[in-house]
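Hello,

Here is the structure I promised to pass on. My notes follow below it.

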Amino acid sequence: MSSLFWLEQRIALVTGASRGLGFAVAEALAAHGAHVLVNARTTESAQRAAAQLKGLGYAAEALAFDVTDAVATLEAIEKIREVHGRLDILVNNAGIQHRAPLPDWTDGDFERVIQANLVACFRLAREAARVMLDRGFGRIINIGSAVGFLARPTIHAYAAAKAGLHGLTRSLAAELGPRGVLVNAVAPGFFATDMNEALLGDPEFRTWVERRTPVGRWGRPHELGGAVVFLASDAATYVNGAIICVDGGLTATM
Ligand SMILES: NC(=O)c1ccc[n+]([C@@H]2O[C@H](COP(=O)([O-])OP(=O)(O)OC[C@H]3O[C@@H](n4cnc5c(N)ncnc54)[C@H](OP(=O)(O)O)[C@@H]3O)[C@@H](O)[C@H]2O)c1
């Protein structure tokens, strides 16, 4: 394998890696040699995913905590510093969705999505950066969304959070780039995961996505891994503040 994309010796934390895109990203990083810390809310689901990766011969361990819990987040990053002495790669992937017509939204619904999809990413990036800056090296990769650029009805907090995460990616890149920590985002289009169960169950919407996306189909979770591996690797040493769309051409077209 080309050493340009090789991640051996790198410690990578992937949030929300028990399933879906997070698991696929964790698998891709691990397949390229990284030691992956697999996060999810429960020890059971984090351990199950870590065991799956270890079964494939990769280096992985579970690190369960809720990304919306500030105390647990600080403790988790401190534990990484204690046990590994470093954190090279953070993938801010954990996220939630809430769909409802506007009049049915409560303030609490909006805040819950913003907390999970934006505030938690800010907090994790700040805490990870403290560890990364000590060594003058780091890669922070935020999982944004096509919805950060283009809107759909009913997903108000999600659209606001993802647009905010794209903005946060750029401000972090501006501040941390000069000190060796590169910050980028990947913006997926429509992928077949649990998050989109309701959409996948609607034949009309499923077909609309296929017609609207130039490659003519939904994304498959493993198709996100390459962009994250690239951003984490030495192939991307001059890439900072970028938002890479992995969406089959969705956001390039009308
Ligand atoms: N699927 C798409 O089409 C799509 C498109 C654009 C962007 N994205 C983004 O990609 C990311 C992953 O999406 P997905 O489709 O893979 O979602 P998913 O299938 O619903 O998986 C979500 C993951 O996040 C974890 N999680 C949720 N809340 C958490 C919390 N508070 N703390 C820690 N972990 C938490 C879940 O783990 P547990 O339940 O085991 O705790 C699970 O591993 C999200 O940021 C999403 O917004 C997805």
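Two residues count as in contact if their C-beta atoms, placed from the backbone, lie within 7 Å. Axes are lines fitted to C-alpha atoms, for helices over the stretch in contact, and angles run from 0 to 180 degrees between N-to-C directions. Helices (H or I, at least four residues) and strands (E, at least two) are DSSP runs, numbered from the N terminus.

This is a predicted model: local features need pLDDT of at least 70, side-chain atom pairs count only at pLDDT 80 or more, and totals for chains, interfaces and linings use all residues. Residues are numbered from 1 along each chain as its sequence is written.

The sheet: seven strands, open, parallel, in the order S3-S2-S1-S4-S5-S6-S7. Strands pair if DSSP finds at least two bridges between them. Strand S3 (60–62) and strand S7 (243–246) are the edges, each pairing on one side only. Twist averages 20° from one strand to the next. Helix H2 (residues 43–55) packs on the sheet, touching strand S2 (35–38) and S3, and its direction makes about 170° with that of S3. Helix H5 (residues 156–176) lies across strand S5 (138–143), S6 and S7, at about 160° to S6. S6 (residues 181–188) and S7 run parallel, joined by four bridges. There, Val-186 stands opposite Ile-244 of S7.

Best wishes
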